[in-house]
Amino acid sequence: MPASLPGRASGRLRGSGMRGSRRRASLPVNPEADGQMPDRLPAILRPRRRTFALNLALVLAIAVSVGFLSAYFAVERGPAFGTLNLGVWEARPSQGTREADPYSAATHARTGRVPLADGEGLVFLARTDSSGALLSPACDYVIAGQAAPARLWTLVPLDAGLRLVATQGPRAGLDSRHLLRRPDGEFTVTAAARARPGNWLPTAADAAGLVFALRLYDTPLTTGTGVANVPMPSIFRGDCR
C-alpha cells in the first residue's frame, strides 16, 4: 500500500498537467500579447450605474435651466407675437390692449416702459436701414417719404435698450407739426449728431446703439384697417465717422 501512493500522486499530476495543456491549447495564440494580463480601464472611464433619483434630478435641472433661459431671453429681447411690419418699421398693436401676451406684459413690467393704450396710438421701431444694415450711432441717416396717417406723430432716436439718448441739440426729436414738407406731402429728415440744414433729428455718436421710434397718435392703424397700402418713410445711410 505505501508503495502505490507515489504512483497515484504522479498520475494525478500527469492528469492535471494534461488538462492544463488542453486549456492552453484551446486559447487563441497572440505572440504580441501572450503572457500579458489585459489592461484595466481607469476608474474614471469605467461605466457606472446611475440611480433613478440621480437621473430624475439631472432631468429636472436641465428642464428648469432651459425654461429659465428661454423666459429670460423672451422678456429681454421682446416677444414677436402680433408683429406689424411696414418696410423697416415694426410695431406690436396688441401691447397696450387687454389681448397683450404675457411676455409683452412681463417686458413692460421689467423695463418700466408704458405702451400706448388701444386708441391712443401706435409705436413703430426701426433697427435697420432700407438696405437691411443695422443702424449705427456713428453714421448719418436720411429718413425720407411719408408717414402713416395720424393726427400727430413724433420721431426720436433711442439706444439699443430703447432709452432716450443725450444729444447736443436743443430738442430730443421731431414732430409732424414742425416739419418742412414738399408740395406732395413728402419730407426729408437728416439724422446726425451735428446740426444739419432743414429737418434735423439730433442723435448721439457715443450712444449704445441706435433705434428710431416713430409714434403715431390717433391713427386708424390701431383698428387694423387699411394696413396694406400704408406709406412709411425709408431710411438711407449717409456718412459714417
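Guide: Gladly. Strand E7 (residues 187–192) and E8 pair in the parallel sense over four bridges. Before we go on, please keep in mind that this is a predicted model, in which local features need pLDDT of at least 70 and side-chain atom pairs count only at pLDDT 80 or more, while totals for chains, interfaces and linings use all residues. Residues are numbered from 1 along each chain as its sequence is written, and side-chain values use heavy atoms, with hydrogens and water left out.

Visitor: What makes E7 and E8 a pair?

Guide: Two strands pair if DSSP finds at least two bridges between them. E7 and E8 have four bridges, so they pair by that rule. Strands themselves (E, at least two residues) are DSSP runs, as are helices (H or I, at least four residues), and they are numbered from the N terminus. Looking at individual positions, Val189 stands opposite Asn199 in E8, and Thr190 has Trp200 of E8 as its bridge partner.

Visitor: In what sense do E4 and E7 pair, and over how many bridges?

Guide: E4 and E7 pair in the antiparallel sense, over five bridges. Here Ile143 stands opposite Val189 in E7.

Visitor: Which strands make up the open sheet, and in what order?

Guide: Four strands form the open sheet, in the order E8-E7-E4-E10, with mixed pairing. Strand E8 (199–202) and strand E10 (234–240) are the edge strands, since each pairs on one side only. From one strand to the next, the twist averages 25 degrees; axes for such angles are lines fitted to C-alpha atoms, for helices over the stretch in contact, and angles run from 0 to 180 degrees between N-to-C directions.

Visitor: Why is Asn199 called buried?

Guide: Buried means under 20% relative accessible area, exposed means over 50%, and partly exposed is in between (1.4 Å probe, protein chains only). Asn199 has a relative accessible area of 7%, so Asn199 is buried. Its place is in strand E8. E7 is mostly covered too, with five of its six residues buried.

Visitor: How do you know that the side chain of Asn199 makes a polar contact with Leu180?

Guide: A polar contact is a pair of N or O atoms within 3.5 Å; within protein, one must be able to donate a hydrogen and the other to accept it, and residues adjacent in sequence count only if both atoms are side-chain atoms. A polar atom of the Asn199 side chain lies 3.0 Å from the backbone oxygen of Leu180, so the distance falls within that limit.

Visitor: What makes Arg196 and Asp140 a salt bridge?

Guide: A salt bridge is a side-chain nitrogen of Lys or Arg within 4 Å of a carboxyl oxygen of Asp or Glu. The closest N and O atoms of Arg196 and Asp140 are 2.9 Å apart, so the pair meets the rule. Arg196 lies in the loop between E7 and E8 and Asp140 in strand E4 (residues 139–145), so the pair ties together parts that are 56 residues apart in sequence. Side chains of opposite charge can pair when their charged atoms come close.

Visitor: Which residues are linked with Asp140 in a network of salt bridges?

Guide: Arg196 and Arg241 are linked with Asp140 in that network. Asp140 and Arg241 also meet at 2.9 Å, N to O. Arg241 lies in the segment after E10 and Asp140 in strand E4, so this pair ties together parts that are 101 residues apart in sequence. Asp140 is buried at 9%, Arg196 is partly exposed at 31%, and Arg241 is exposed at 54%.

Visitor: How many salt bridges does the rule give?

Guide: The count comes to seven salt bridges. One of them joins Asp175 and Arg177 at 3.6 Å, N to O. Asp175 counts as buried at 17% relative accessibility, whereas Arg177 is exposed at 62%.

Visitor: Why is Phe52 called exposed?

Guide: Phe52 has a relative accessible area of 66%, which is over 50%, so Phe52 counts as exposed. Phe52 is found in helix H2 (residues 52–77).
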